[in-house]
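Me: I would like a close look at a single part of this protein. Please walk me through it step by step.

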Amino acid sequence: MSTPTARATWVDCARTLAMFCIVWLHADAAPAGLGRAVGGAIALFFLLAGYFLPQGAGRVLMRTGRLALAWLLWSLLSLGLMAAAAPDFEFSWQRSLGWGVAAYNTPLWFLKTLVVYQLVAAGLLALRLLPRFTWVVVPVLMLCSYTCAPAQYAAVRFDYFWIFLLGFALRSVPPERIGSWMGHHLPALAAAALVCLCQPYVLARCAQWAGLPWRHCSLPVGALAWALLMLLGGVVAGRYLPRVAGGLAFCGRWMLFIYAAHSFVLAPLYGGYNPHFLWNVWVPVVVIPLLAVAGWWLNRRFPRTMALLLARKRLT
């Protein structure tokens, strides 16, 4: 089984659509309910991380090491900027690393969680439990995520782990084949996603009737439905809006840089300069292309540094 490596335009477009939701939510004044779409955006990132994970345990450990180094560098950068902007702030190593709640740079929790997910995956690969039993582990963990409330303030959230493994299970199918299949079944997949978005309310009633523990949230199938809608958006852009797809795909190529750096751009908005205009939908429209261009420029000037920040062995 080979690791998917080729960049697919529609996948990069989907990444940008997911990042749009995240930046919009972090920009404040966003519409109520956007948090559920952001849950789908996070699910999409974990799904793609699992999909592009290498096969062997050794290769996974090497990739995890690069990701851990990127996490450390972004943590140090966040800490340095915080110290420069507020010299009298109270230092906390947990907040500087995104270990727990209220990190100095909010997105660091994702990098930390992904490092742990990849370490667990490397162990399962070494024990030869993956990929042999992947389709057994995924449904078990999915069902557990329905009844086991995640520790919102814990160091690592494992309620996305089944989505990460789902991506790993799908990696035998090339991206172009997945995109083509989704393009031929757009109406049916969109309808299925919309139906799944209603499942938390239905299952909450069923759990109440059966006397089972239940947490009312969009995970697990609801978040996956949002992720599917973002993937469908990438397919639509790639097939019918080539000019739009070009811009979205360009931003998607710098997604880790945008994800880890957008809090620095949004910091002045948190300080009281936010005009709250049109629910701040203009913020992701400005911030995402701005950071994509910044990432492209920094890569041209400092390619080795950007390779470290992007957790890549080499940049193309």
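Reply: Start in helix 1, which spans residues 9-26. Asp 12 and Arg 15 sit 3 residues apart there, separated by about one helical turn. An α-helix has 3.6 residues a turn, so residues three or four places apart point the same way. Keep in mind that this is a predicted model.

Now look at the two side chains. Asp 12 forms a salt bridge with Arg 15. Their closest N and O atoms are 2.7 Å apart. A salt bridge here needs the nitrogen and the carboxyl oxygen within 4 Å. By this rule, the count comes to 1 salt bridge.

Next, ask about cover. Are the two partners buried or exposed? Buried means under 20% relative accessible area. Asp 12 has 1% relative accessibility, so Asp 12 counts as buried. Arg 15 has a relative accessible area of 16%, so Arg 15 is buried too.

For comparison, turn to helix 9, residues 186-196. Leu 186, Leu 189 and Ala 193 are buried in this helix. They cover an arc of only 70° around the axis, which puts them on the same side of helix 9. Pro 187, Ala 188 and Val 195 are exposed on the other side. What covers the buried residues of helix 9? Helix 8 (175-184) and helix 11 (221-240) are among the elements that do.

Key
Residues are numbered from 1 along each chain as its sequence is written. This is a predicted model: local features need pLDDT of at least 70, side-chain atom pairs count only at pLDDT 80 or more; totals for chains, interfaces and linings use all residues. Side-chain values use heavy atoms; hydrogens and water are left out. A salt bridge is a side-chain nitrogen of Lys or Arg within 4 Å of a carboxyl oxygen of Asp or Glu. Helices (H or I, at least four residues) and strands (E, at least two) are DSSP runs, numbered from the N terminus. Buried means under 20% relative accessible area, exposed over 50%, partly exposed in between (1.4 Å probe, protein chains only). The arc is that of the directions from the helix axis to the C-beta atoms. Contact means heavy atoms within 4.5 Å.
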